[in-house]
Amino acid sequence: MAIPTDETPRACALACEGGWTVQRCASGCLHLRTGHLSLTFTTSEFCRFVQMVGEAYVRLSVQDLVHEQHATH
């Protein structure tokens, strides 16, 4: 369920976690905000961004596992 925000009357927060917020504005753009940083995406750009970050997360996790295995052997 979308959560109305005080910042923009017609913006809805799609997700909020630890100071990070993803909002959809009245024009349909998605805004990823944290602190003083704000990234604005179209829906397709946001999907590509999420895929890219997901791939990076998986690779980072694999690298961490490899480093742990080398440290224990």
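This briefing covers the fold, core, cysteines, surface and selected residues of one protein.

The model is predicted, so local features need pLDDT of at least 70 and side-chain atom pairs count only at pLDDT 80 or more, while totals for chains, interfaces and linings use all residues. Residues are numbered from 1 along each chain as its sequence is written, and side-chain values use heavy atoms, with hydrogens and water left out. The protein has 1 helix and 5 strands. Their order from the N terminus is β-β-β-β-β-α.

**Fold and contacts**

- Helices (H or I, at least four residues) and strands (E, at least two) are DSSP runs, numbered from the N terminus.
- Helix 1 spans residues 43–72.
- Strand 4 covers 30–34, and strand 5 covers 37–41.
- Contact means heavy atoms within 4.5 Å.
- Of the contacts between residues at least 6 apart in sequence, 3% join residues at least 24 apart.

**Burial and core**

- Buried means under 20% relative accessible area, exposed means over 50%, and partly exposed lies in between (1.4 Å probe, protein chains only).
- Of the 73 residues in the protein, 16% are buried.
- The largest nonpolar core has 5 residues: Val22, Leu30, Leu32, Phe41 and Phe46.
- Such a core is a set of buried Ala, Val, Leu, Ile, Met, Phe, Trp, Tyr and Cys residues joined through side-chain atoms within 4.5 Å.
- Phe46 contacts Val22, Leu30 and Phe41, leaving aside its neighbours within four places in sequence.

**Cysteines**

- The whole structure holds 0 disulfides, a disulfide being a pair of cysteine sulfur atoms within 2.5 Å.
- Cys25 is in no disulfide; its nearest cysteine sulfur is that of Cys29, 4.7 Å away.
- Cys29 is likewise in no disulfide, and the nearest cysteine sulfur to it is that of Cys25.
- Cys25 counts as buried because its relative accessibility is 18%.
- Cys29 counts as partly exposed because its relative accessibility is 23%.

**Surface**

- The protein exposes about 5,900 Å², with 62% of it supplied by carbon and sulfur atoms.
- Accessible areas come from the Shrake-Rupley method with a 1.4 Å probe; for residues, only the protein chains shown count as cover.
- Tyr57, Val58, Val62 and Val66 make a nonpolar surface patch of about 390 Å².
- Patches use residues with over 30% relative accessible area and no salt bridge; like charges are joined within 9 Å, and nonpolar side chains (Val, Leu, Ile, Met, Phe, Trp, Tyr) within 5 Å.
- A salt bridge is a side-chain nitrogen of Lys or Arg within 4 Å of a carboxyl oxygen of Asp or Glu.
- Tyr57 lies in helix 1 and counts as exposed because its relative accessible area is 58%.

- Gly35 sits in the loop between strand 4 and strand 5.
- Gly35 is exposed, with a relative accessible area of 73%.
- Gly35 and Gly19 are 16 residues apart along the chain, yet their C-alpha atoms are separated by 7.1 Å.
- Thr40 lies in strand 5 and is partly exposed at 44% relative accessibility.
- Thr40 touches Cys29, Leu30, His31 and Glu45, not counting residues up to four places away in sequence.
- Thr40 and Cys29 are 11 residues apart in sequence and 6.6 Å apart from C-alpha to C-alpha.
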